[in-house]
Amino acid sequence: MRLSDEQKRMYDGSRGPGVQKAMELLVALGKAFDAEEMIPVSRTHVALSGQEGDTYWCELLVNGGARAVVPPTTNPAWDTQTLTRHYDVTPGELDLALRTVDVYRRIGAVLTFCCTPELAGNVPTFGEHVAFSESSATPYVNSVLGARSNRESSVSALASAVTGITPLYGLHFRENRLGTFLVDVEAAPKEPYDWGLLGWYVGKRVGAQVPVFRFRNLQGRPSPEALLYLGAELNTSGAVPLYHILGVTPEAPDEAVAFGGHRPAGSLSVTDRNLEEQEAELSEKGGKINLVMLGCPHYSYAQLRELDRLLAGRTVSVPFWVLTSGDAMELARRSGELARIEASGARLVPDTCIDEPCWKSFEGGLGVTDSPKCMYYRERRGQPFVIRRLGECVEAAVKGEI
Amino acid sequence: MEYEEKRYRCRSIVKGSGEGEAIVSREAMCFYLCDPETGTVIEKNHPLQGRSIAGKVLVLQSGKGSSVVQVDGFYQLSVKETLPAAIVVRETEPVLVSSAVVVGEPMVDRVEADPFEIIRDGDWVRVDGEAQEILVRRPRV
C-alpha cells in the first residue's frame, strides 16, 4: 500500500500510539482488500455499543493520545439518568455505560447517541467518501444519499475518525456500486413497517449482493423512514450496505445505469402474500405481553406524530417505550406530542438502544415491536417478540395482549 | 518420533507470530459465541462446538456476526488470555480483520496452498508473520 509521508508518520508511531493503533487497523484492512492507497473521509459515524470490547478500543486510542480529526457522531448506549429511575442494573453495568460516555467525550466525538445520524446531525451529500458504521445507517447513506461507505465496523469507523482516512476499496469505487440482483416488487408497501418486512425478506435471499428494486405498484415516493427501514432490515437479515430503487434512488434512474449495462446475476419477485408470510414466520404467535418497544432504528419526529395520532385519548396498560433521538424528542416536547403521548402512559427516551442491560427486567416475557431488527437482537437476550405494524402495537398496548 | 516439516508462504494481515496445535474450523466463526474463561466454542451446531481454541493455531474459513459483537468476542478472549496463538484465514472479511487488530491477534491469509488441505487438527503449526511463512510439523508415518 502506498502511504503518504504523513500517513507513514501516523503508522510508525510518530503521531503517538493511539493514532498508530488506528493506522494499523486501516492498513490491515486496506491490505486485506488490496487497497493501493488511503483516501480522506469527510464524515464518520461510530456504532458504539456500550460493550466492553468497543469501549476498550476507544480508551486505547484516546489514552494513546488520539483525538478525532473528523469528529464522529455516535450510536446510542442507554440514558442512565432516566432509565435507572425505572429499572435495576448492576454497578458494573452502570459503570460501563458511564465509562463509554466519558471516553467518547474525551476522544472528541459528537455525542448524538442516535442511530439515525443520516436523517439529522450527520448527513453526507452525493459522492462524499465517508466511514459510517451502524447497520441501518450504512445502506441509507450509500443508497439514498449516494455517499460512499464500506460496511464499517464500529472500530474501523473510529480509526477513520482519528486519522481522517479510509482505505480505498469496495464501495468507494463506482464499478462496485452497480446493481447485481433484480428484485421485482408486486407488493405495495405503505408504512415503514411494510418496507422493513420487504427488507428482511430480500436480505435473507440476496446475501451480500447489490439488489435493485423495481416496483410495480408504488404509491407515491417512499418516505425517508420507509427507506431507512428497508435498509436496516436488508443489512440485518443479509449483508447489504447498498441497494437501489429504480426511479427513486440517485444511482438508479433506469436499469441500464443501475446495472451498468450488465445482466443481473439473479432475480426475485415479491408479493404482498410473501410479506404476510414473512411476518408470520418472524413473529411470535401472541398472548399476554409485558412490553411494547418501538424505535429500532430510532423513531423520527414524523413517526412520533403518527404515534400521537394513533394513541389519541387512549391509555396503555403495559410498559410502552419509544426510543428516539434527542432532537426529535425536543421537537415533540415543543410541539405538544410528547405531553400527549406521555399522558397515555407511553414514554419516550433518547440516547438509548434496545440491546442494553437496562431492559433485562422484561426478559422472559413477551414483547411487541414494529421492528424485525429489534426482535432479532432481543431474542438473543431471552425476550421473544410479536411483530406488528404500529397501529396494532398501539392496540396491543391498550389491551395488554395480542 | 520422527517428524516431517513443510513451509508455506502466506500473507500477514495482522502482524505478529504464534505457534501451537492446529484446530481447523471449516465454518465461519463468531467469537462472541466462545466461553472467554476456557476459549470453548459454545455456538450450537458449530463444527467446533465444545472444543477450545485457546492457545492453538486456528485455521478458519471466515468471520461472521455483527461488527460490535465480533469485536467484543475477541476482547473478552483477550482479557482471559484464551485467544488462539494465531489465526490462518481462508476467506478474509473486514470485521474479522478489525477485531483481530483491536486485540493484536496475529492473522495471516493467502496461504500458497489451501490451508484446509495442508493443515490437519493436531498438527503443530508455527505462524511467522514477519517472514510471512507457515511451518507445519506432524509425525512422519
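This is a short tour of a predicted model, with something to select at each stop.

**Stop 1: the domains of chain A**

Colour chain A by domain. Now look at domain 1 and domain 3 of chain A. In the contact, domain 1 of chain A contributes 23 residues and domain 3 of chain A contributes 21 residues.

**Stop 2**

How much area do domain 1 and domain 3 of chain A bury between them? The value is about 1700 Å², with 60% of it on carbon and sulfur atoms. Select A:Trp78, A:Leu83 and A:Tyr87. These supply 29% of the area that domain 1 of chain A buries against domain 3 of chain A, more than any other three residues.

Seven residue pairs are in polar contact between domain 1 and domain 3 of chain A, counting pairs with both residues at pLDDT 80 or more. On the side of domain 1 of chain A that touches domain 3 of chain A, 11 residues are nonpolar, eight are polar and four are charged.

**Stop 2: a sheet in chain A**

Switch to cartoon view. Find the open sheet of four strands in chain A, in the order β8-β7-β6-β9. Are its strands parallel or antiparallel? The pairing is parallel. At the edges are β8 (244-245) and β9 (266-270) of chain A, each pairing on one side only.

Zoom in on β7 (residues 211-215) of chain A. Two bridges join β7 to β8(A). Select A:Val212, and opposite it you will find A:His244 in β8(A).

**Stop 3: chain A against chain B**

Show both chains. The contact takes 25 residues from chain A and 22 residues from chain B. Together the chains bury about 2100 Å², 59% of it on carbon and sulfur atoms.

Pick A:Glu24 and B:Lys15. This pair forms a salt bridge, with the closest N and O atoms 3.4 Å apart. There are three salt bridges between chain A and chain B. Polar contacts between the chains number 10 residue pairs, both residues at pLDDT 80 or more.

Which helix of chain A gives the most to the side that touches chain B? Select α2 (17-32), α3 (52-63) and α7 (154-163) of chain A, each of which supplies at least two residues of that side. α2(A) gives the most, with seven residues. By class, the side of chain A that touches chain B has 12 nonpolar, six polar and seven charged residues.

Key. Residues numbered from 1 in each chain as written. Chains lettered and ligands numbered in written order. Predicted model: local features only at pLDDT ≥ 70, side-chain atom pairs only at ≥ 80, totals over all residues. Heavy atoms only, no water. Contact = heavy atoms within 4.5 Å. Buried area = accessible area lost by both parts, 1.4 Å probe. Polar contact = N/O pair within 3.5 Å; in protein donor to acceptor, adjacent residues only side chain to side chain. Nonpolar A, V, L, I, M, F, W, Y, C, P; charged D, E, K, R; others polar. Pairing = 2+ DSSP bridges. Salt bridge = Lys/Arg side-chain N within 4 Å of Asp/Glu carboxyl O.
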